[in-house]
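Let's take a walk through this protein together, from its overall fold down to a few individual residues. Please keep the sequence and the 3D view open as you read.

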Amino acid sequence: MNTPPSRSTRPPALRRAAGAAVAVVLTAAGAAGLAACDSGDDDTGRSSSFSDRPTPPDTASFSGAAPSALASAAESAEAAARASASAAAASASAREASRKASIGAEVERSQQAAQDALKGVQGGGNARSEVAMSGKPRADTNGILTVLVSITNQTDATASYAVQVDFLDASGKVVETQYTGAEDLPPGGRKQPLVISRSAPEPVLTPRLTKAQRY
């Protein structure tokens, strides 16, 4: 009995022909797929799925502020800076006013202390030799009569001083009296307070050292 030849027993020439046919079929199928993908291209090679008209940007994805908002922010910052500078100037002015008020209060306290120390003092006091006076140029004081009083402690112990300055008119009459002094002045120490007349520049008055008491 004859057994029919199996496929594996095909001649080599037939097997090579069959493989070539399969390769041709696969190549054709790949070319067809590529043609299908490029079927939308035009003559320029651009795909018809893209539009020639540009797409506006998505402003929702932008960060930052618009020019008007930036200008408003700059104006606000400038206004804040002006307000800060104004507040600083006001604060400095207030501090200066407070300082002057403090000085004024100290001068008044010193004047009152000197006046109290001179109560009951007879004659010129025990410290006339330790006190001297000199007038300030009226050109430097806007015409106001101002006297510089120099108090020097010539003793070997700490001492306080009270001074009375009278302002006399041309007839020798006392028109005004001012007080000044120095407290707790150490040995050899000096203090030079100013005595300012509260009278009008005219008529011209003459200052006089009336009393000087060490206590």
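Predicted model: local features only at pLDDT ≥ 70, side-chain atom pairs only at ≥ 80, totals over all residues.

Residues are numbered from 1 along each chain as its sequence is written, and side-chain values use heavy atoms, with hydrogens and water left out.

**The fold.** The protein has two helices and seven strands, in the order α-α-β-β-β-β-β-β-β from the N terminus. Helices (H or I, at least four residues) and strands (E, at least two) are DSSP runs, numbered from the N terminus. Of the 215 residues, 22% count as buried, where buried means under 20% relative accessible area, exposed over 50% and partly exposed in between, with a 1.4 Å probe and protein chains only. A contact means heavy atoms within 4.5 Å. Among contacts between residues at least 6 apart in sequence, 65% join residues at least 24 apart.

**The cores.** A nonpolar core is a set of buried Ala, Val, Leu, Ile, Met, Phe, Trp, Tyr and Cys residues joined through side-chain atoms within 4.5 Å. The largest one has 17 residues, of which V131, V149, I151, V163 and F167 touch the most other members. Two or more residues each come from β2, β3, β4 (174-185) and β7 (206-214), and β3 gives the largest share, five residues. Beyond four places away in sequence, the contacts of I151 include V131, V163, A182 and L185. Apart from this core lies another, of five residues, among them A114, V121, A162 and Y179.

On a 1 Å grid over the protein atoms alone, a cavity is a set of points where a 1.4 Å probe fits but cannot get out, and a pocket is an open set with protein on both sides within 12 Å along at least five of seven lines; lining residues have an atom within 4 Å of a point. Grid points are joined across faces, edges and corners, and a volume is the space filled by probe spheres set on the points. There is one cavity of 30 Å³ or more. In the table, Ala, Val, Leu, Ile, Met, Phe, Trp, Tyr, Cys and Pro count as nonpolar, Asp, Glu, Lys and Arg as charged, and the others, Gly among them, as polar.

| Space | Volume | Lining residues |
|---|---|---|
| Largest pocket | about 330 Å³ | seven nonpolar, six polar, three charged |
| Largest cavity | about 40 Å³ | five nonpolar, three polar, one charged |

The pocket has 16 lining residues, with V107, Q111, T180, P193 and L194 nearest its centre. Helix α2 (67-118) gives the most to this lining, five residues. The cavity lining includes R138, L145, S199 and L205.

**Two buried residues.** Where does N153 sit? N153 is in the loop between β2 (146-152) and β3 (159-168), and N153 counts as buried because its relative accessibility is 1%. A polar atom of its side chain lies 2.8 Å from the backbone oxygen of A157 and 3.2 Å from the backbone oxygen of P186. Such a polar contact is a pair of N or O atoms within 3.5 Å; within protein, one must be able to donate a hydrogen and the other to accept it, and residues adjacent in sequence count only if both atoms are side-chain atoms.

L168 lies in strand β3 and, at 11% relative accessibility, counts as buried. L168 and T206 are 38 residues apart in sequence, with C-alpha atoms 5.1 Å apart in space.
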